[in-house]
Amino acid sequence: MAKEDPKERAQWGRQIEFIFTLVGYAVGLGNVWRFPYLCYKNGGGAFLIPYLICLVFLGIPIFGLEVAFGQFGAKGPISIWYINPAMKGIGYAGVLVSTVICIYYDVIIAWGLYYLFASMTDVVPWSKCSQCECLTYGRNITPAYDNATGINCTGWLGDTKSSSELYYRDIVLQETASIAETGQINWQIMLCNLLAWIIVMIVLAKGIQSLGKVVYFTAIFPYILLTVLLIRGAMLDGAIDGIIFYLTPKWDRLTDATVWSDAAVQIFFSLSACQGGLVAMASYNKFSNNVLRDAIMIPIINCLTSFYAGFVVFSTLGYMANIQGVPVANVTAGGPGLAFIAYPEALSNMPITPLWSILFFIMLCTLGFSSQFSIVETVMTAMIDEFPQYISTRKRQILFRLCVCLGAFLLGLPIVTQSGAYLLDLVDTYILGFPTLFIAFFELIAICYIYGYRSFAKDVEAMVGRQPYIYFTVCWMVISPLLILAVIVFKGIQYEPLTAKGEPVWAEVIGWFVAMSPVAIIVIAFLWYTCPKGIWQRVVVLNKHTEEWRERRNLSTFTHLHVSTTGRNNLGFATESKTAFGMDSSADKPPISKDGGPEGHMEDQDSGYVPYSQDPDKFLYGYEKQTSYQEESTKF
């Protein structure tokens, strides 16, 4: 049997598919419950100020760095570190973060699927109440006897809970008292989790070719339903109180470093930065895509979505506060409960409850899947690009994708136990703090200082025809690294051990293992690549970009850029004094300075580079470059 040829690297069918994919990747469940909850926790409108500052000085710069990096290198988040082999651990760390996130993120989608199926009935089950805890909820006077259920609550002095909270904790999660009590596997959630992974596998079976088509629906549909729910929520009694709480800042909260730390971490989580996904998705772009435009547009769309979703959430919370007769600040807990307790409670009080519930949980699952597809594709792309000798053929890639989904499902089994919600919250807290901050810091150092900002700026210029805006320059070189260091220090100072909150020691150990594993990989990989032949010599060699990286500038379609003579030679073009047409062109060439540029323009040149417009073989090379740069990119 003839050996199957490796498939060439795919590209997005249309550029709008890349934009929709990144919007769907960034806009996920975190926009529905994580961002509104952080506003809820950190003083309402006051949180918007540090969030906006972190967006401008951390979110957009890091997002822009990663998508430009991925587009120029055209490889997965691990293989792309041929720009600096010694720092390849950064790629492994980002993929590890994505792997952990995709495991527990799929469980949250499974909860949404459970609620979706439960909504397909005449009366939604969380609207039913048969306990004194919920019969006394939102009432000033404790009922002695409930005629509807026949339950006597005379003398009830316990805590009250809404029927939706009881349903979420006792029926859906079958929750134990603490993380220390594992309990049994919740088979209903496990089956929903399996279904979610089957959907992921079907969508990603063909990689970005299939993903690029699905995102037209997953990126747009949630906005339609958010708008419908906002209109309905604004009509509820008490909705205006929730909106006022959302927009009214508590200025004293701005002096709390925790608020700033939460804002920075939320920016990284919301934009999916430092997880390898932005690099992976951008690597499928055409070389000439306007990455500077995307780097500003997509983060702004994402954060405006979070702000928009906040109105939906807080109008609902205002309605719940009105029912209970309590302040908005005391209406519910945060985290996933904001989506699976607060929303079902509000939905159960709407007319045609099953219809509204079905629409809401379709939206919730769509938001989850839109991010999950990109997270899982990040892990798959990283491995396929890093080990092409093993996963090169089409059949092997499909089998590999199946194994990734199956493996992630099995690793997620502890999270579908009765204590799974506690474990999920533990892992979510630790994987999104220190790891992403350290990855961002090392990325900035490796690209802007070790490789060099001027070199990277010329890489960007090769793609878009201009160097990065001064805004990116200042942020990449100064503001972003210093801000990240400040957040790391403040998080370390303010850290409160889990044992001080009554959690077992092993939970603390698991948390720090999850948090430090990505950071340790960066250090271990650096030592692995540098120590065998003498650390100093290896550091000097491995911290230099390879010729393959610099040669990618030759794919530029902008004729004013500088082209490496070495690069042209490797691509099969003449670099001697004789041109491809056999004519001596030495008289046409300007004097070359010692750094490879024309005399009088040394400050504008890189070593070994001459202006393309004065190069003798420009006609042959220019023609080939403009008509086949896409084919050339697959050679690397």
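Cys475 is buried (under 20% relative accessible area, with exposed over 50% and partly exposed in between, for a 1.4 Å probe and protein chains only), as its relative accessible area is 1%. The structure is a predicted model, in which local features need pLDDT of at least 70 and side-chain atom pairs count only at pLDDT 80 or more, whereas totals for chains, interfaces and linings use all residues. Residues are numbered from 1 along each chain as its sequence is written, and side-chain values use heavy atoms, with hydrogens and water left out.

**Overall architecture**

- The chain contains 24 helices and four strands; helices (H or I, at least four residues) and strands (E, at least two) are DSSP runs numbered from the N terminus.
- Buried residues make up 58% of the 636 residues of the chain.
- Contacts are defined by heavy atoms within 4.5 Å; among those in the chain between residues at least 6 apart in sequence, 81% join residues at least 24 apart.
- The chain exposes about 26,200 Å², of which carbon and sulfur atoms supply 64%; accessible areas come from the Shrake-Rupley method with a 1.4 Å probe, and for residues only the protein chains shown count as cover.

**Confidence**

- The average pLDDT (the predictor's confidence in each residue, from 0 to 100) of the chain is 76, and 75% of the residues score at least 70.
- Among the elements of the chain, H7 has the highest mean pLDDT (93), and strand S4 (residues 609-611) has the lowest (35).
- Over residues 562-636 the pLDDT is below 50, and this stretch has 121 contacts in the model beyond near neighbours in sequence.
- Residues 1-7 also stay under 50 in pLDDT, with seven contacts in the model beyond four places in sequence.

- Helix H16 (residues 394-411) has 18 residues and should span 26 Å at 1.5 Å a residue, which agrees with the 26 Å between its end C-alpha atoms; the expected span is 1.5 Å times one less than the number of residues.
- Its buried residues are Gln397, Phe400, Arg401, Val404, Cys405, Ala408 and Phe409, and the buried residues of H16 pack against helix H4 (89-118), helix H7 (187-204) and helix H15 (353-386).
- Thr417, in the loop between H16 and helix H17 (420-431), is buried because its relative accessible area is 11%.
- A polar atom of the Thr417 side chain lies 2.7 Å from the backbone oxygen of Pro414.
- Not counting residues up to four places away in sequence, Thr417 touches Thr182, Gln184, Ile185 and Asn186.

**Asp262 in helix H11**

- Asp262 belongs to helix H11 (residues 257-271) and is buried, with a relative accessible area of 14%.
- Leaving aside neighbours within four places in sequence, Asp262 is in contact with Leu38, Lys41, Asn42 and Phe47.
- Asp262 and Cys39 are 223 residues apart in sequence, yet their C-alpha atoms are 9.8 Å apart in space.

**Cysteines**

- The count of disulfides (pairs of cysteine sulfur atoms within 2.5 Å) is zero.
- Cys365 is in no disulfide, and the nearest cysteine sulfur, that of Cys192, is 8.9 Å away.
- Cys365 counts as buried, at 6% relative accessibility.

**Positive phi angles**

- Most residues other than glycine have a negative phi.
- Ala74, in the loop between helix H3 (48-73) and H4, has a positive phi near 55° and counts as buried at 11% relative accessibility.
- Gln174, in the loop between helix H6 (163-172) and H7, has a positive phi near 50° and is partly exposed, with a relative accessible area of 27%.

Methods. Polar contact = N/O pair within 3.5 Å; in protein donor to acceptor, adjacent residues only side chain to side chain.
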